Amino acid sequence: MIVNQNFIISEGYFPDHVCHDIIQSAKNQQEIDGVIQKGDDKKVRNSRVTWLKDKWIYDWIEGLVYQINQEQDWNFVLSAPEDIQFTRYKVGQFYGWHQDVYENLPNGLQRKISVVIPLVDSNEYEGGDLQFYNPMENPNKSQEDKIIKLEKLRIKGSAIIFPSYIYHQVIPVTKGERLSIVIWFNGEKWR
């Protein structure tokens, strides 16, 4: 397990057959354009999504999320997760810098922990890297030097877990297709 002040990576947490089953499940659902909270802005996000409600996927990840929440002393009060977002990025598609903190969830809750799980081998696509912005770096560093880029973020089946307020992005895919899921665990609004 890789621990960073901004995120945790549990390498290969989902075995290949689970990644395959999730992809198959998504094929049976309607795919729509991914949108951002404040409207549909293709300058910020260009991807396709499918919403999954498969309880068995939550069962695979929920225990790990609660364990990480405690071990990292985040100690967020968590409630039920949202529907699972299956995301498809084709050539030229991306999701610019953003936070997952969503202000107006229908149940009055707020996103606290985000989980991203790549579902295909990194050799099946180019570009499409998940990157994190580290504002805690030396302020004299350039903006580019504050971006965390790790090959480990591309490992199929790895659970990448982070507080939903951390800025992150998916750079444009240049070849192939990037498939992943995102799961958000919610809790009471920040105080």
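Predicted model: local features only at pLDDT ≥ 70, side-chain atom pairs only at ≥ 80, totals over all residues.
The largest nonpolar core comprises 31 residues, of which Ile61, Val115, Ile161 and Ile181 touch the most other members. At least two residues of this core come from each of helix H1 (16–27), helix H2 (55–71) and strands E6 (84–89), E8 (110–118), E12 (159–163) and E15 (178–187). Helix H2 gives the most, contributing six residues. When residues up to four places away in sequence are not counted, isoleucine 181 touches Phe14, Ile22, Ile57, Ile84, Gln85, Phe86, Val115, Val116, Ile117 and Leu119. A second, separate core contains 17 residues, among them Ile36, Tyr95, Phe132 and Val182.

Helix H1 consists of twelve residues and spans 17 Å from its first C-alpha to its last, close to the expected 16 Å. Val18, Cys19, Ile22, Ile23, Ser25 and Ala26 are the buried residues of H1. Viewed down the helix axis, these buried residues fall within an arc of 160° and therefore line one face of H1. The face turned away from the buried side carries the exposed residues Asp16 and Lys27. The elements covering the buried residues of H1 include strand E5 (48–52), H2, E6, E8 and E15.

Valine 170, in strand E13 (residues 168–170), is buried, with a relative accessible area of 6%. Apart from neighbours within four places in sequence, valine 170 contacts Tyr89, Phe94, Tyr95, Gly128, Asp129, Leu130 and Arg178.

Nine salt bridges were found in the whole structure. In one of them, lysine 156 pairs with aspartate 16, with 3.7 Å between the closest N and O atoms. Because lysine 156 lies in the loop between strand E11 (147–148) and E12 whereas aspartate 16 belongs to helix H1, this pair ties together parts that are 140 residues apart in sequence. A further salt bridge joins arginine 88 and glutamate 31 at 2.7 Å, N to O. This pair links strand E6, which holds arginine 88, to the loop between H1 and strand E3 (32–33), which holds glutamate 31, across 57 residues. Arginine 88 is buried, at 16% relative accessible area, whereas glutamate 31 is partly exposed, at 25%. Lysine 53 and aspartate 83 also form a salt bridge, their closest N and O atoms being 3.1 Å apart. Lysine 53 is exposed, with a relative accessible area of 63%, and aspartate 83 is partly exposed, at 29%. Through shared partners, salt bridges join Glu31, Asp33, Arg48, Arg88 and Glu177 into one network.

Technical notes: Residues numbered from 1 in each chain as written. Heavy atoms only, no water. Core = buried A, V, L, I, M, F, W, Y, C linked by side-chain atoms within 4.5 Å. Buried < 20%, exposed > 50% of the residue type's maximum accessible area, 1.4 Å probe, protein only. Helix = DSSP H or I, 4+ residues; strand = E, 2+ residues; numbered from the N terminus. Contact = heavy atoms within 4.5 Å. Expected span 1.5 Å × (residues − 1). Arc of directions from axis to C-beta. Salt bridge = Lys/Arg side-chain N within 4 Å of Asp/Glu carboxyl O.
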